[in-house]
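Take a look at the sequence and the 3D structure, and keep both open while you read.

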Amino acid sequence: MKKKYFWIIGILIVIILLSVPTFHILKTKWNEDSILDSLPKGYIDDASQLNLTKVDTIIQVPNDKKEIETQLKSILQYAKENDLKISIAGARHSMGGHTIYPDGIVLTMLPYKQMELDTINNILTIGSGALWEDALKYLDQYGRSVAIMQAFSSFSVGGSISVNGHGWQKDSPPISASVISFTLMTENGEIVHCSREENQELFNLAIGGYGLFGIILNVRLKVVENIALQFKHIRLSPKKYVSYYKKHVSDNPNVNLVFGRLRISDKHFLEEATLNFFEKVGTPAPNLQNEKSTEAQRLVFRGSVNSEYGKRLRWDLETGMNKVSKNEIYSRNELLNDHVSLIENKDHSSTDLLQEYFIPERRFNQYIDDIKPILRHSKIDLLNITIRGVHQDNDSYLAYARENVFGFVLLFNQKKKRMNKS
Ligand SMILES: Cc1cc2nc3c(=O)[nH]c(=O)nc-3n(C[C@H](O)[C@H](O)[C@H](O)COP(=O)(O)OP(=O)(O)OC[C@H]3O[C@@H](n4cnc5c(N)ncnc54)[C@H](O)[C@@H]3O)c2cc1C
């Protein structure tokens, strides 16, 4: 064959190789709904979209400290007199209907978000309705950062304390460990100070207590320095995860943030992993910038729904990007300030559901071996598994980390039926 034909064939192969993923991503975008589903009047739901419930009233609390106390006391009194139940809602990202009671009153805490930093003692006093992204933006001006929070910043402080979420901060227990104290309005309208020294039992019960012990109002949280961090990553077999974690993360004092990921495509299902960590460097941390567009990243993620090709593409692109961004430097606040819109599902015929399993280190490999056949044979579409190290929790009465564990965070896509409520 002539040399020129080799060139033509070569160029055609490159065009095909580039156009297949581009077409896949564009198809994902075309298949999404452009109009948001709105809830029927008088109904509320949570992030699962599986808990649509009719309620009596939805009340937004005010942002003022005195006003909120007066308002909540009168709502509690009214509810008692009219035999109504009250539920408390933050960002409603918990997926079990915890924030909703049928025909009850829903207190939406999000407006209550004032904050103040004690720069001498590194303590942030914050309204329980504030989102972590509000806290990060505020702390950034003072060169400080949140000590422990979840992987996304779109949740509320009160909701996160009430589920006692865990994060990806190295060697950290759940959020409880960063809570110094809080005020709690109990069912009779009394405001109680809770800490490890004062009303300790209520402190332990309300952290991870899903709002069952009262309304958390003002929280005092430990904060840390906002440092510059350099990205490192290792691609490895899951069998080596624990030993590599010990060597590269636990024994390295410079590591500050860390998470792992398992491969979930049918090809090499749960047979490959990545260990991603961020090491402290001596340079000053850059300030938070305006949010960058994450649409391309979101579409690559959404393109993995119900598609083996999409799952492989996402794994290849992410591990490829890891190589490109290895050694890049970020501020801690920038890394913590990811919004859930990064993975937003805009196809309303399905919903995404999150499940977490907390596994002691000695059972790590056995757990992966055990879930492999279950996940392979189930019809539910697995989108993601990340791994986080969570240290023992000595604060919450309802602790899920009773020893040091690894949290396996599984995200599934589930088809749903449309319910017409009028
Ligand atoms: C995509 C996704 C990723 C997630 N990643 C993580 C993760 O990395 N780590 C992790 O641990 N979790 C994770 N979660 C779970 C999530 O962290 C929690 O569901 C969330 O933090 C709760 O915050 P929220 O503001 O949405 O609370 P909500 O869901 O609104 O409320 C949670 C509970 O707290 C109660 N509550 C809310 N505010 C108050 C208050 N002021 N006083 C008393 N009770 C109150 C509610 O009644 C409810 O029982 C994830 C969830 C999703 C959907």
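## Around the ligand

Which element gives the largest share of the shell around the ligand? That would be helix H4, which gives five residues. Keep in mind that this is a predicted model.

There are 32 residues around the ligand, and the ones that come nearest are Gly90, Gly158, Gly159, Gly165 and Gly211. The elements giving two or more residues to the shell are strand E4 (86–89), helix H4 (157–163) and strand E11. Sorted by class, the shell has 15 nonpolar residues, 16 polar ones and one charged one.

Now for the inside. The largest nonpolar core has 49 residues, and Leu107, Ala135, Val146 and Leu184 have the most contacts inside it. Strand E11 (residues 215–225) gives the most to this core: six residues. Apart from this core lies another one, made of 24 residues, including Val258, Ala273, Ala285 and Ile387.

Let's go back to Val146 and its neighbours. Leaving out residues up to four places away in sequence, Val146 touches Trp132, Ala135, Leu136, Leu139, Val223 and Leu336.

Which residues are buried in helix H6 (residues 241–250)? They are Tyr241, Tyr245 and Val249. Look down the axis of H6 and these buried residues fall within an arc of 35°, so they line one face of the helix. Here's the background: an α-helix has 3.6 residues a turn, so residues three or four places apart point the same way.

The face of H6 turned away from the buried side carries Ser243, Lys246 and Lys247, which are exposed. And what covers the buried residues? Among the elements doing so are strands E12 (228–236), E13 (255–262), E14 (273–280) and E17 (381–390), along with helix H10 (364–377).

Helix H8 (residues 308–325) lets you try a quick sum. At 1.5 Å a residue, its 18 residues should span 26 Å, and the end C-alpha atoms are 25 Å apart, which agrees.

Gly310, Lys311, Arg314 and Trp315 are buried. These four cover an arc of only 135° around the axis, which puts them on the same side of H8. On the other side of H8 you'll find Glu308, Asp316, Gly320, Lys323 and Val324, which are exposed. After H8 comes Asn327, with a positive phi near 75°.

Methods:
Residues are numbered from 1 along each chain as its sequence is written. This is a predicted model: local features need pLDDT of at least 70, side-chain atom pairs count only at pLDDT 80 or more; totals for chains, interfaces and linings use all residues. The expected span of a helix is 1.5 Å times one less than its number of residues. A residue is buried if 20 or more other C-beta atoms lie within 10 Å of its own, exposed if 12 or fewer, and partly exposed in between; C-beta atoms are placed from the backbone. The arc is that of the directions from the helix axis to the C-beta atoms. A nonpolar core is a set of buried Ala, Val, Leu, Ile, Met, Phe, Trp, Tyr and Cys residues joined through C-beta atoms within 7 Å. Two residues are in contact if their C-beta atoms, placed from the backbone, lie within 7 Å. A residue is near a molecule or strand if its C-beta atom, placed from the backbone, lies within 6 Å of it. Ala, Val, Leu, Ile, Met, Phe, Trp, Tyr, Cys and Pro count as nonpolar, Asp, Glu, Lys and Arg as charged, and the others, Gly among them, as polar.
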